[in-house]
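Subject: Structure handover

Hello,

Here is the structure for you to look at. My notes on it follow below.

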Amino acid sequence: MMQENKRKALLLEKEPAVLEKIQRMLKDRSYEPTCFSDKKEALAALKGTFFPLAVTGLTENDDDPMEVMKAMVMTSPMTSVIMVTDLSESEVEEKAEGYGILGNVGREVPAEGLMSLLDVYDLSLRENPRIFRSSCEDLKNCGCQSQHNSASFIKIEKTIHQESVNLYEGNP
């Protein structure tokens, strides 16, 4: 029997209905979601395992969504982050500027927005598979670990994301 190649995704959400909906969408797109409701547990998992994708929502302790996003980016700069939040798009853009997140979707109807962001992310993977498949182990073994910092990874990811969005939208 041939095993399907699943991609890891970290999912941080405390509300069971939202969690189930996002989990189902990720599984339908060949992701293997690992679910958490506690920010500390999710960050500990992110430190120990490379997750190419993280979807963050509400946490058990009602942590500030922007602080959760920042902690995830600082813990794993190569992880693409999608926020599920009721913050306005302009507020997220303003506060998340420089962190290179993939995007955000509203909590009420995350399906359409999340599917669109996953399309952009999947396109990024097809166009740039080597960068997005890097793992923390690769960085530990590269011999120049001190030169790798979150700012450089965020800049790389943000550039690739913008190029992928342009490709997705048909712009050169």
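Thr85 is placed in the loop that runs between strand E4 and helix H4 (89–96). The model is a predicted one, and everything below should be read with that in mind. With a relative accessibility of 6%, Thr85 falls under the 20% limit and therefore counts as buried. A polar atom of the Thr85 side chain lies 3.1 Å from the backbone nitrogen of Leu87. Beyond the neighbours within four places in sequence, the contacts of Thr85 are Pro65, Val92, Asn104, Val105, Gly106 and Arg107.

**The sheet**

The sheet is open and has 5 strands, in the order E2-E1-E3-E4-E5, with parallel pairing. Strands E2 (31–36) and E5 (103–105) are at the edges with a single partner strand each, so one side of each has no neighbour in the sheet. From one strand to the next, the twist averages 20 degrees. Strands of a sheet pair through backbone hydrogen bonds, and the pairing is either parallel or antiparallel. E1 (residues 7–12) pairs with E2 in the parallel sense, over 6 bridges. Leu11 has Cys35 in E2 as its bridge partner.

Helix H1 (residues 16–28) lies across E1, E2, E3 (53–56) and E4 (80–84). The direction of H1 is at about 160 degrees to that of E2.

In helix H3 (residues 65–75), the buried residues are Met66, Val68, Met69, Ala71, Met72 and Val73. At the start of H3, the backbone nitrogen of Met66 has a side-chain oxygen of Asp64 within 2.7 Å.

How do the axes of H3 and H4 cross, and at what angle? The two axes come within 11 Å and cross at roughly 40 degrees. H3 and H4 are therefore oblique to each other, and the crossing in which H3 passes H4 is right-handed. On the H3 side the contact is made by Met66, Met69 and Lys70, and on the H4 side by Val92, Lys95 and Ala96. Val92 is also among the residues in contact with Thr85, and Met66 is also the residue whose backbone nitrogen is reached by Asp64.

**Thr79**

Thr79 sits in the loop between H3 and E4. Thr79 has a relative accessible area of 3% and is buried. The side chain of Thr79 reaches the backbone oxygen of Phe51 at 2.6 Å, and a polar contact of 2.6 Å joins the Thr79 side chain to that of Ser76. Thr79 and Pro52 are 27 residues apart in sequence, but their C-alpha atoms are 4.7 Å apart in space.

**Backbone angles to check**

Most residues other than glycine have a negative phi. Two residues to look at here are Ser30 and Asp62. Ser30 has a positive phi, near 65 degrees, and is not a glycine. Ser30 is in the loop between H1 and E2 and, at 18% relative accessibility, counts as buried. Asp62 is not a glycine either, and its phi is positive at about 50 degrees. The place of Asp62 is the loop between E3 and H3.

Regards

Methods:
Residues are numbered from 1 along each chain as its sequence is written. This is a predicted model: local features need pLDDT of at least 70, side-chain atom pairs count only at pLDDT 80 or more; totals for chains, interfaces and linings use all residues. Side-chain values use heavy atoms; hydrogens and water are left out. Two strands pair if DSSP finds at least two bridges between them. Helices (H or I, at least four residues) and strands (E, at least two) are DSSP runs, numbered from the N terminus. Axes are lines fitted to C-alpha atoms, for helices over the stretch in contact, and angles run from 0 to 180 degrees between N-to-C directions. Contact means heavy atoms within 4.5 Å. Buried means under 20% relative accessible area, exposed over 50%, partly exposed in between (1.4 Å probe, protein chains only). A polar contact is a pair of N or O atoms within 3.5 Å; within protein, one must be able to donate a hydrogen and the other to accept it, and residues adjacent in sequence count only if both atoms are side-chain atoms. Angles under 35 degrees count as roughly parallel, over 145 as roughly antiparallel, 65 to 115 as roughly perpendicular and the rest as oblique. A crossing is left-handed if the near helix is turned anticlockwise from the far one by less than a right angle, and right-handed if clockwise.
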